[in-house]
Amino acid sequence: MHQAFAPASSQHDAIRHDWTADEAEALLGLPFNDLVFAAQTAHRGHFDPNRIQLSTLLSIKTGGCPEDCGYCSQSAQHETELTRERLLPLDEVLDAARRARAAGATRFCMGAAWRNPTDKNLDTVLAMVEGVKALGLETCVTLGMLTGGQAQRLKDAGLDYYNHNLDTSPEFYGRVISTRTYQDRLDTLEHVRAAGLKTCSGGILGMGEGRRDRAAMLCQLANLPAHPESVPINLLVQVEGTRLFGTEQLDPFELVRTVAAARVMMPASWVRLSAGRDDMTDELQALCFLAGANSVFYGERLLTTPNAGAERDLALFARLGIRFEEAEPPGREEPGACHRHEAAEAGAAAVGR
Ligand code: SAM
Ligand code: DTB
Ligand code: SF4
């Protein structure tokens, strides 16, 4: 076993904020079995290893974004097949949230293709947050950059999580986005944290970055004043017409290694296997769950691209004996509390086992 990373198991679940890129790179480069073992050990110190959290995504404002993120179908600088849409009306959003709850999601995440929300747009989003929360779902929004005042208004409306990704390392960042800086992203994360919102922040793999960049990105996340409560690890969804379309595919084991390192470095956070699952085999997803991923986007679509469907997911969870939790119906004594849903049984029925 590697000396630096195989000490007593109690050290695997330490909450640290002093990771160096060298250390994180060494962690990512451990023999695969040692790394996965370290991740499982950390995972079991903080979570039920056979349970995952389900979030459903909805794009509330699609396309026409002024930013130039090289991966994104919604950038106005890319010629993709996407149709630009206006901000969705409240009733459509609430219908989608009810459907997500009925399907078993506990968190509803709403995304908008904005550089930042205007205060007027934010008023509309606040009503969405209040409405979704009243359904007994946890709420998350991703709206671009926020001021401190906007973060506070979201908090006051009852928002649980704000998603804002660092996307990659500071060193690789300039190859992906030029219209906002890394520091802009860190500033928004600071506003989110200062307002008392939970932070959802992670990145994208498979954009042509190297292992050192993945290590540096994980260090940035783990060395924030508080670990993000939720860490989405996206695998680039290659959309025709975007600048990063045609990028060489990442070795799938690098995805598993990154999930495992995220679990070791942020042991008490939800690590979400996010975009890209539709193109993954069941076996690759199972390795990611073994490596400590314990949350997924659940439902037929991500924002603008297909997701692994609910039927496929239920069948996979059943084969792996993974349970998920379902939102309490609203009006119970502990709003937002969850009860166990035996996905394994439901899914087993779905696959006839
Ligand atoms: N416009 C807001 C922003 O960028 O802050 C919110 C929406 S944006 C689509 C949210 C995140 O989705 C991005 O930061 C990126 O990490 C992820 N994302 C977008 N397109 C993706 C793709 N094609 N593949 C993987 N992840 C993607
Ligand atoms: C995150 O980390 N991944 C989600 C969510 N946060 C907003 C977005 C994934 C988008 C995948 C490409 C698409 O559907 O447009
Ligand atoms: Fe706009 Fe967000 Fe897409 Fe960047 S990732 S182009 S900010 S929608």
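1. On residue classes: Ala, Val, Leu, Ile, Met, Phe, Trp, Tyr, Cys and Pro count as nonpolar, Asp, Glu, Lys and Arg as charged, and the others, Gly among them, as polar. By these classes, the shell around ligand 3 holds six nonpolar residues, one polar and two charged.

2. This is a predicted model, in which local features need pLDDT of at least 70 and side-chain atom pairs count only at pLDDT 80 or more, while totals for chains, interfaces and linings use all residues. Residues are numbered from 1 along each chain as its sequence is written, chains are lettered from A and ligands numbered from 1 in the order in which they are written, and side-chain values use heavy atoms, with hydrogens and water left out.

3. Confidence is given as pLDDT (the predictor's confidence in each residue, from 0 to 100). The protein chain has a mean pLDDT of 90, with 88% of its residues at 70 or more. Two stretches should be read with this in mind. Residues 1-10 stay under 50, and the model has 13 contacts for them beyond four places in sequence, a contact being heavy atoms within 4.5 Å. Residues 329-353 are also below 50, with 42 contacts in the model beyond near neighbours in sequence.

4. The shell of ligand 3 consists of Cys65, Glu67, Cys69, Tyr71, Cys72, Ser75, Ala113, Trp114 and Arg180, a residue being near a molecule if one of its heavy atoms lies within 4 Å of it. Ligand 3 sits in the largest cavity. A cavity is a set of points, on a 1 Å grid over the protein atoms alone, where a 1.4 Å probe fits but cannot get out; a molecule sits in it if more than half of its atoms lie within 2 Å of its grid points.

5. Ligand 1 has 16 residues around it, and Tyr71, Thr142, Asn165, Asp167 and Val237 come nearest. By class, nine are nonpolar, five polar and two charged. Its polar contacts (pairs of N or O atoms within 3.5 Å) include nitrogen atoms of the ligand at 3.1 Å from a polar backbone atom of Tyr71, at 3.1 Å from a backbone N or O atom of Ala112, and at 3.0 Å from one of Val237. Taken alone, ligand 1 exposes 560 Å², of which the protein buries 89%; accessible areas come from the Shrake-Rupley method with a 1.4 Å probe. The space taken by ligand 1 is the largest cavity.

6. Around ligand 2 there are 13 residues, with Asn165, Asn234, Leu303, Thr304 and Thr305 nearest. Six of the shell are nonpolar, seven polar and none charged. Side chains supply these polar contacts: Asn163 has a polar side-chain atom 3.1 Å from a nitrogen atom of ligand 2, Thr304 a side-chain N or O atom 2.6 Å from an oxygen atom of the ligand, and Thr305 a polar side-chain atom 2.8 Å from an oxygen atom of the ligand. Ligand 2 alone exposes 400 Å², and the protein buries 86% of that. The space taken by ligand 2 is the largest cavity.

Key
Polar contact = N/O pair within 3.5 Å; in protein donor to acceptor, adjacent residues only side chain to side chain. 1 Å grid on protein atoms, 1.4 Å probe; cavity = no way out; pocket = protein on both sides within 12 Å on 5 of 7 lines; lining within 4 Å.
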